[in-house]
Amino acid sequence: MESIFSTMIVLLLLSFSCLISTEALTSNNGNITIKWDLMNWTPDGYVAVVTAYNYQKQRSVPGWKMSWRWTRKEVIWNMFGAKTTQQGDCSMFKGNIPHSCVRKPTVVDLLPGTPFNQQIANCCKSGVLKPGLESAFQLSVGNAGNSVKTARMPANFIFTAPKQQYICGPSKNVRPTRFITADKRRTTTALMTWNITCVFHKAT
Ligand SMILES: *[C@@H]1O[C@H](CO)[C@@H](O)[C@H](O)[C@H]1NC(C)=O
Ligand SMILES: *[C@@H]1O[C@H](CO)[C@@H](O)[C@H](O)[C@H]1NC(C)=O
């Protein structure tokens, strides 16, 4: 009798902890969704537009930073609307030198006064991501696959801001985004789209 009772308690506790961890990742306090839209293939990789959406109704994010881990030997040839904090060791490259050769790059936003030739739409807000708004940057990735079958999602996303800690879920290959042109007469589709959802964990 006693053992049945303790088994029941263990099961109850287990189901509670499952509920809590599921709740943490589908919080109704909103989330930060990071979306990678692959826009075109290049000889050695792809060009992607990365957009972070702040779906938190109350919480403004001042000074976001985003990082991830490449799963191969990818490099970032160039970036618009944001920059990596470190270039890393690009010594094996001759001629064109990548923007970053770091395996776990960290990306920070640019300032509003950034020269236009380094901007893209929705960029350059000095890292401030207000509720309901989005921030975007573009990067050209090399040493990467350049087809739907060979391009590999980056992994282990980390999204942070001063005094805010988030937990990011896995990268997911989702239905490619459809874009509508400004004159609304044509739609285009991303080659691939990857989503990552991060939820607020705690104030630090
Ligand atoms: C993130 O928030 C948006 C907007 O509230 C919602 O549509 C989406 O389902 C959420 N994503 C997850 C994984 O909970
Ligand atoms: C991926 O994220 C975008 C931006 O939040 C959203 O519009 C889209 O529905 C998401 N896709 C999936 C399958 O969750």
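How far is an oxygen atom of ligand 2 from an N or O atom in the side chain of Asn-195? The distance is 2.4 Å. This is a predicted model, in which local features need pLDDT of at least 70, side-chain atom pairs count only at pLDDT 80 or more, and totals for chains, interfaces and linings use all residues. Residues are numbered from 1 along each chain as its sequence is written, chains are lettered from A and ligands numbered from 1 in the order in which they are written, and side-chain values use heavy atoms, with hydrogens and water left out.

**Ligand 2**
- Taken alone, ligand 2 exposes 360 Å², and the protein buries 50% of that (Shrake-Rupley method, 1.4 Å probe).
- The side chain of Tyr-55 has an N or O atom 2.7 Å from an oxygen atom of ligand 2.

**Whole chain**
- The protein chain has one helix and 15 strands. These are DSSP runs numbered from the N terminus: helices are H or I with at least four residues, strands E with at least two.
- Of its 204 residues, 39% count as buried (under 20% relative accessible area; exposed is over 50%, partly exposed in between; 1.4 Å probe, protein chains only).
- The chain exposes about 12,200 Å², with carbon and sulfur atoms supplying 59%.
- Among contacts (heavy atoms within 4.5 Å) between residues at least 6 apart in sequence, 69% join residues at least 24 apart.

**Asp-37**
- Asp-37 lies in strand β1, residues 32-42. It is buried, at 2% relative accessible area.
- Its side chain makes polar contacts of 2.6 Å with the side chains of Lys-35 and Thr-177. A polar contact is a pair of N or O atoms within 3.5 Å; within protein, one must be able to donate a hydrogen and the other to accept it, and residues adjacent in sequence count only if both atoms are side-chain atoms.
- Trp-194 is 157 residues away in sequence, yet 6.7 Å away C-alpha to C-alpha.

**Phe-80**
- Phe-80 sits in strand β5, residues 75-80. It is partly exposed, at 27% relative accessibility.
- Beyond its neighbours within four places in sequence, Phe-80 contacts residues including Ile-120 and Phe-137.
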